[in-house]
Amino acid sequence: MKWKKFTLKTTTEAVELVSVMLAELGIDAVEIEDNRPISEEDRKRMFIDILPELPPDEGTAFVSFYLEEEEAAEGLLIAIRDGLAELDLFVDTGEKTITVSETEDTDWIDNWKEFFHPFRVDDTIIIKPTWETLDEKRDGDMVIEIDPGTAFGTGSHETTKLCILSLKKQIKGGEKVLDLGCGSGILSIAARKLGASYVLGTDIDENAVLVSKENTEQNHLDSMVSLMLPGADLAADKEVFSAAENGCGYFCCNVLSEECETALLGISYDIVVANILADVIVPLAGIVGSFLKPDGIFISSGIIYTKAEEVKEALLANQFEIMEQTKMGDWVSYTARRK
């Protein structure tokens with residue numbers, strides 16, 4: 001399907017009122033581009049460790065929206081210009097120029113795939129997109145096939161590699177592993193292929209849970225999926241997962257929520273892995289020990305180097321012994337043992 005993209009040049013001061021005006025005209029989804037820095041409150045809410053480097057804010061903003069190609073736009077554009085004229089009585093709406101371009105669904109969905117090719121995490125572990133062929137495979141290689149879809153995780157990021165390498169060191173065979181923030185399921189799949197008997201992956205995004213299940217099946221591993229949504233029977237879900245001895249399970253929940261903690265309590269894991277962000281791992285350090293067996297291992301990553309000490313202090317304060325700190329680029333991973 002082809003879409004027309006309309007981009008309105010306005011001011012940062014007027015963005016909120018312009019968005020409200022567009023919503024009143026039936027345009028509920030807009031894309032906003034400006035150079036305003038993210039507030040500290042937004043940074044914490046969005047769990048962002050690295051803020052983007054932006055050019056100076058000159059007060060200009062672009063508000064874009066999309067319409068189906070066949071959808072009549074002329075009348076809507078007239079209404080938008082009339083709305084902007086009214087807003088000028090209250091705020092400077094700037095240039096008010098509207099440019100038009102055309103795009104297709106495939107531009108958004110598939111273009112990134114040309115940059116995702118098979119690669120080695122180490123000498124024996126290969127990450128391969130499901131749509132690619134593998135030109136070289138040696139005896140003993142372990143291949144993980146992934147299609148992230150709209151979930152997060154191709155395996156190419158340093159934080160994911162750090163987690164996979166730590167799992168490889170810690171899994172001896174037969175372990176139960178909890179993957180907090182499973183994304184596309186890559187760490188869950190890696191843990192299972194490395195010898196874990198059972199893996200439970202959780203994610204706050206329902207789509208990520210479904211993608212993880214699909215990727216698990218793509219790798220010919222048993223899986224089941226249960227979505228913990230409002231009104232779900234937590235007791236039944238908990239019984240299913242605690243009884244599982246083999247395979248992979250996926251569970252939709254916020255790892256820092258009381259509901260998720262309640263659902264996971266009572267199930268003891270040999271290893272918990274969390275490739276999230278420092279701002280999640282710090283509070284998680286006070287919870288995760290409840291999910292681990294005595295002497296269980298907590299692998300954490302997604303930690304930008306500037307926050308590594310903060311995470312270390314949180315782990316030590318919550319009765320963890322730091323076994324190993326590894327680095328790759330600007331990112332840090334900790335392997336810690338529950339005392």
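Start by selecting strand E6 (residues 125–129) and E7: the two run parallel and are joined by five bridges. Strands here are DSSP runs of E with at least two residues, helices are runs of H or I with at least four, and both are numbered from the N terminus. Two strands count as paired if DSSP finds at least two bridges between them. Now click on Ile126, which stands opposite Val143 in E7.

Before moving on, a word on what you're looking at: this is a predicted model, where local features need pLDDT of at least 70 and side-chain atom pairs count only at pLDDT 80 or more, while totals for chains, interfaces and linings use all residues. Residues are numbered from 1 along each chain as its sequence is written, and side-chain values use heavy atoms, with hydrogens and water left out.

Next, go to E14 and strand E15 (residues 331–338), which pair in the antiparallel sense over eight bridges. They make a hairpin with two residues between them, and Gly329 in the turn has a positive phi of about 60°. Pick Glu324 and look across to its bridge partner in E15, Thr335.

Time for some rings: which aromatic pairs are there? The structure holds two of them. Rings of Phe, Tyr and Trp (its six-membered ring) pair if their centres lie within 6.5 Å; planes under 30 degrees apart are stacked, over 60 edge-to-face, and the rest tilted. Select Phe6 and Phe65, a stacked pair at 5.4 Å centre to centre with 15° between the planes. Phe6 sits in strand E1 (residues 2–11) and Phe65 in strand E3 (residues 60–68), 59 residues apart. Phe6 counts as buried because its relative accessibility is 3%; buried means under 20% relative accessible area, exposed over 50%, and partly exposed in between (1.4 Å probe, protein chains only). Phe65, at 1%, is buried too.

The other pair is Phe298 with Phe320, tilted, at 5.8 Å centre to centre and 45° between the planes. Phe298 lies in strand E13 (residues 292–304) and Phe320 in strand E14 (residues 320–328), so the pair ties together parts 22 residues apart in sequence.

Last stop: Lys307, in the loop between E13 and helix H11 (308–317). Is Lys307 buried or exposed? At 12% relative accessibility, Lys307 counts as buried.
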